[in-house]
Amino acid sequence: MKNITYLTGLMMSLAVCLTSCEGDLEENPAGNISIANFYSSEDDAVAGLYGVYNAVYSLYGNTAINYGEVNADNATVSPNVSDLFEWDEFTYSNEVTEGFWRSAYDGINLANEVALYTAEIDFDEEKRADIVSEAKALRALFYWHLVRTMGGVPIYETPTIGFDAVDTPRATADEVYSLITRDLGEAALELPETSLAGRLNAHIADALLARIYLYRNDFENALVHAKRVIDSGAYDLFDDYAHIFKTEHNNGIEHIYQIQYLSGERNNPIPGSFGPRALPGSYGNSFWANTVVGGSIAPSTEFTDDNPISYRRSVTIADSYEHIDGVTGTITMEEAYGPGVYPYYVSKFDDRANELQSGVNFNVIRFADVLLIAAEALNEVDPADNNKYTWINRVRERARNGVETDLPDLAGLSQDEFRTAVLEERRFELAFEGQRAWDLKRRGEFLNVMRDQGKNVEDYKLLFPIPNNQVRLNPNLTQNEGW
């Protein structure tokens, strides 16, 4: 909370500074004075950096869930709503991505401002280098979301002023990935190994690189960066799977990088999105929460059917819930919604005491994910190395929570059998954390899996569309095929 308070204070200071300069900005031609005048001290550089972090929020929360889960086979739209129908049925238009595109490029521009103008400020050389490297690493994070969603996009490594570079064409996906891995690679070497909660550090950069290299099927580099995180000894698994998703355990031993939330100030929308949709009558808001929760996302039938019995499953989904007062009793989903209509809800993010003002942090990447990345990469690099079983079985052991008959340790699998096993382990360990669609796409299984569910998904929908408005604004910006 101290870290969040500090962040909020810096953002307020930034706002005050910008407001106080308003008169100057109005008296000079646009672009002549610009934001550069703000950057004159270390404090200004840090405040600008927190402005970039503020832009990161738009990439996560419901955005990550829509692109990574509802757009896959784990999640579906609650039977009581239709506002996410376009995601569930793959009928979204190219306007769906407009807000995503704008938010990402706003963040990129802010990061470019910090990197450029901080380098010109006279203060401690090491601190200055860290801030520049951190800004570039955040820029890489924005580009990572863009490139995996839409393919090659325009690259900007300096701030845009007015209409400068408005006609920049799309770079290739390989060129974007080259920028991403370069900036994160430099951050892994430049940044310290520890940081304030919510700030990037060297270990976080390595963990993100491990995930990105895995997505690119560059298993050797994925293994190198995953092992750096594992061998650092800085992280471990929580003993209890449920602790990963509880406010009181925010920024814990397993959390490599989390988006920071604080109830009442910066609220996490995820718990409310996954709660059972409130119903009229006796089962309205009287059982689930004190507020009418707008739950809109449910586990798919395929997910509940495929998910093996274990403690982890019991934390992840539930078919009943207690009255909010903890005394009145329990209601089943069948009682509330009717037989077979809405049999399970996603329970792993429950924060019923706060609900619409949840302070649960959002997991960008955690230690269990890195263990599974290492296991999958090692299976490709050296399938005879049994360390891959050590890593995946650590995750399974925690998931079974002492029940030896559930999720027994894996051993003696062929390379292909292990590929299947680790993909399934990721599905259930990281369920509803925004990873499923990307795992299926990188493994080339997305189209077949979705078609097996009866979805009419054309080949071109592996990529999302470039927003129409951006194509109109930039004559050199070509649309993705099919859109």
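**Charged side chains**

Analyst: Let's start with Asp130, which is found in helix H7 (helices are DSSP runs of H or I, at least four residues, numbered from the N terminus). This is a predicted model, where local features need pLDDT of at least 70, side-chain atom pairs count only at pLDDT 80 or more, and totals for chains, interfaces and linings use all residues. Residues are numbered from 1 along each chain as its sequence is written, and side-chain values use heavy atoms, with hydrogens and water left out.

User: Is Asp130 buried or exposed?

Analyst: Asp130 is buried (under 20% relative accessible area; exposed is over 50%, partly exposed in between; 1.4 Å probe, protein chains only). Asp130 has no salt bridge (a side-chain nitrogen of Lys or Arg within 4 Å of a carboxyl oxygen of Asp or Glu). The nearest side chain of opposite charge, Arg199, is 7.7 Å away (Lys and Arg count as positive, Asp and Glu as negative; His and the chain ends are not counted).

User: How many salt bridges does the structure hold?

Analyst: The structure holds 35. One of them joins Glu157 to Arg139, with the closest N and O atoms 3.9 Å apart. Glu157 sits in the loop between H7 and helix H8 (173-190), and Arg139 in helix H7, 18 residues apart.

User: Which of those two is buried?

Analyst: Arg139, with a relative accessible area of 2%. Glu157 is partly exposed, at 41%.

User: What about Glu157 and Arg182?

Analyst: They form a salt bridge too, with the closest N and O atoms 2.8 Å apart. Arg182 lies in helix H8, 25 residues from Glu157.

Conventions
Helix = DSSP H or I, 4+ residues; strand = E, 2+ residues; numbered from the N terminus.
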